[in-house]
Amino acid sequence: MEILLDILSWIFLVTGSFFCLTGALGLFRFPDFFSRIHAASLTDTLGASLILIGLMFQAGWGIVLAKLIMILFFSIFAGMTASHAMAKAALKSGLQPLEFKGKNEQGQEGEQPSKP
Amino acid sequence: MKDLFAVVMLTGIYSLLTASLFLDLDAVDVAFTEASVGAGISTLLMLATLKLVGRFERHTRYKPALALGVVLVTGSLLVYGTLDMPHFGSADAPVHQHVAPRYLNDSMAEIGVPNVVTSVLASYRGYDTLGEILVVFTAGIGVISLLRVSRRTKKDSRKKVPVDMQQQIILRIVAKMMLPPILIFALYVQFHGDYGPGGGFQAGVIFAAGIILYTMLFGLSSGQRVFKPVVLELLSALGILLYAGVGVACLLLGGNFLEYNVLRHDPVHGQHLGILLVELGVGITVASVMITIFFKFTWRTVKHKYKNE
Amino acid sequence: MFALTVITLLIVMALALARAYLGPTLYDRILAVNNFGTKTVLLIGVMDFLAGRPDFLDIAITYALINFISVIGVLRFFEYAGRNATDREG
């Protein structure tokens, strides 16, 4: 039973760390703010949830488990709303997404107003 | 660096790093207070100030070379002075000799509270904590007296919510959902301070942070309808009254000022009751002063907006 | 097991700090600081299990809260300030 809990915990922690790492790599290398927010927030919330679930297997039944569940719910809600608020604020203050460079069907060229 | 907003953000990150340093040194209560006050409330209040003052620092006409020189000389003298102090954490340093072993050894027997930080803060050094609360209260009084609100603009703005806040539906719903757990968590920190990290200061700050979240998203008038400014001013005085009142009650019951042993039939129970009431006073005062300061700062910003409409 | 997670989280925090320094617009920096804050919460949680003291979880909850409220506060500030938010800062 102990071994099973340890193996589960190990799987969740490693997967969560992998997602967090790829998210940070995306944050660093993507060309535009809106793609960066896509990478960072999605993988951030998923990685955080997986790491917290992995930690939950290590805690016994008790108040530590309850507090971890509370951190999990709070982190999910707060992460999602914060990224929504950031994207909305950026759109409203005039930041444009990176558009397709080249000709689309009508033969018009796209623009690139926001670049690193 | 002329951009004051970047300075505020850097100050927040500095507070967070200091809190991590305290965690590394195994001082959990201090890290808790530093994280909540420094990285949370201070950043929010400084941002509220920046809304009033303007984002960029004005160009100074002289080069502050003399000030820099004074700072460097004083700093190097201080560092030279610390070279003489005993090695970090050595067992025969004076700070570990006289008072600290007595507190650590006798705290469980005399007070019976597992968290030694709370017992030192509220009982052994209760007089100092009373002074700290008076400082917080004086800061609140200073802000209230300097940023006066005129009656005419108060009546005009009774029901208005700025238009851009009405569009933030998702944020408002999520904030409404999160507010009760935040407040309950603040109460948990307040009353759990005997057994784990926590206590009055941290609980007051977390409570104020929850109310500030609500006020930021729903408009100042909604926030002030729930927490009327008169009630807040009364509550901040009530906290100090509770603290000092416990002290006077100890005097009337025959002991010294703030000697909790005489409050009940049994000294340990007396200490428990005294610490409970005192921490409650601290929490009430800190929460109401923080909320008052935020309301006053936001009022000044919002007043300009309402006058121009 | 925990050591691997801690090292990964530290690398992630370093990358987020790099983006906070580099990011051309203001919103990149806010995003990077928010990410840094979430990773700090996770780091406190994992280090609490490493050190064996369950007290640290209160600090993790508090910091998750503070992070969220600070990001909302900063965004409110820029909504009121308006025009100078999309200036390119080098």
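Q: Which secondary structure pattern does chain A follow from the N terminus on?
A: Chain A contains three helices and zero strands. The pattern is α-α-α.

Q: What percentage of the residues in chain C is buried?
A: Chain C has three helices and zero strands, and along the sequence these follow the pattern α-α-α. A residue is counted as buried if 20 or more other C-beta atoms lie within 10 Å of its own. Of the 90 residues in chain C, the buried ones make up 64%.

Q: What percentage of the residues in chain A is buried?
A: The 20-atom cut-off for burial applies here too. Chain A has 116 residues. The buried share of chain A is 35%.

Q: Which helix of chain A supplies the largest share of the side that touches chain C?
A: In this contact, 38 residues of chain A meet 39 residues of chain C. Helix H1 (2-29), helix H2 (33-58) and helix H3 (63-92) of chain A each supply at least two residues of that side. By class, the side of chain A has 29 nonpolar, six polar and three charged residues. The largest share, 14 residues, comes from H3(A).

Q: Which helix of chain C gives the most to the side that touches chain B?
A: The contact takes 22 residues from chain C and 28 residues from chain B. On the side of chain C, the elements that give two or more residues are helix H2 (26-51) and helix H3 (56-81). The residues of this side divide into 13 nonpolar, five polar and four charged. The element that gives the most, with 18 residues, is H3(C).

Q: How are H1(A) and H2(A) oriented to each other, roughly parallel or roughly antiparallel?
A: The axes of H1(A) and H2(A) come within 7 Å and cross at roughly 165 degrees. Angles over 145 degrees count as roughly antiparallel. H1(A) and H2(A) are therefore roughly antiparallel.

Q: Which handedness does the crossing of H9(B) and H10(B) have, left-handed or right-handed?
A: Helix H9 (residues 169-191) and helix H10 (residues 200-218) of chain B pack with their axes 8 Å apart, at an angle of about 170 degrees. This angle is over 145 degrees, so H9(B) and H10(B) are roughly antiparallel. The contact includes B:Leu179 and B:Ile182 of H9(B), and B:Ile206 and B:Phe207 of H10(B). H9(B) passes H10(B) in a crossing that is left-handed.

Q: How many nonpolar residues does the contact of H1(A) with H2(A) have?
A: H1(A) passes H2(A) in a left-handed crossing. Sorted by class, their contact has 11 polar and two charged residues, and its nonpolar residues number 14.

Q: Over which residues of chain A does pLDDT stay under 50?
A: The mean pLDDT of chain A is 82, and 85% of its residues reach 70 or more. Where pLDDT is low, the predicted coordinates should not be read in detail. For the stretch in question the model has 21 contacts beyond four places in sequence. The stretch of chain A with pLDDT under 50 is residues 108-116.

Key. Residues numbered from 1 in each chain as written. Chains lettered and ligands numbered in written order. Predicted model: local features only at pLDDT ≥ 70, side-chain atom pairs only at ≥ 80, totals over all residues. Contact = placed C-beta atoms within 7 Å. Helix = DSSP H or I, 4+ residues; strand = E, 2+ residues; numbered from the N terminus. Nonpolar A, V, L, I, M, F, W, Y, C, P; charged D, E, K, R; others polar. pLDDT = per-residue confidence, 0-100. Buried ≥ 20, exposed ≤ 12 C-beta atoms within 10 Å, placed from the backbone. Axes fitted to C-alpha atoms, helices over the stretch in contact; angles between N-to-C directions. Parallel < 35°, antiparallel > 145°, perpendicular 65-115°, else oblique. Left-handed = near helix turned anticlockwise from the far one by under 90°.
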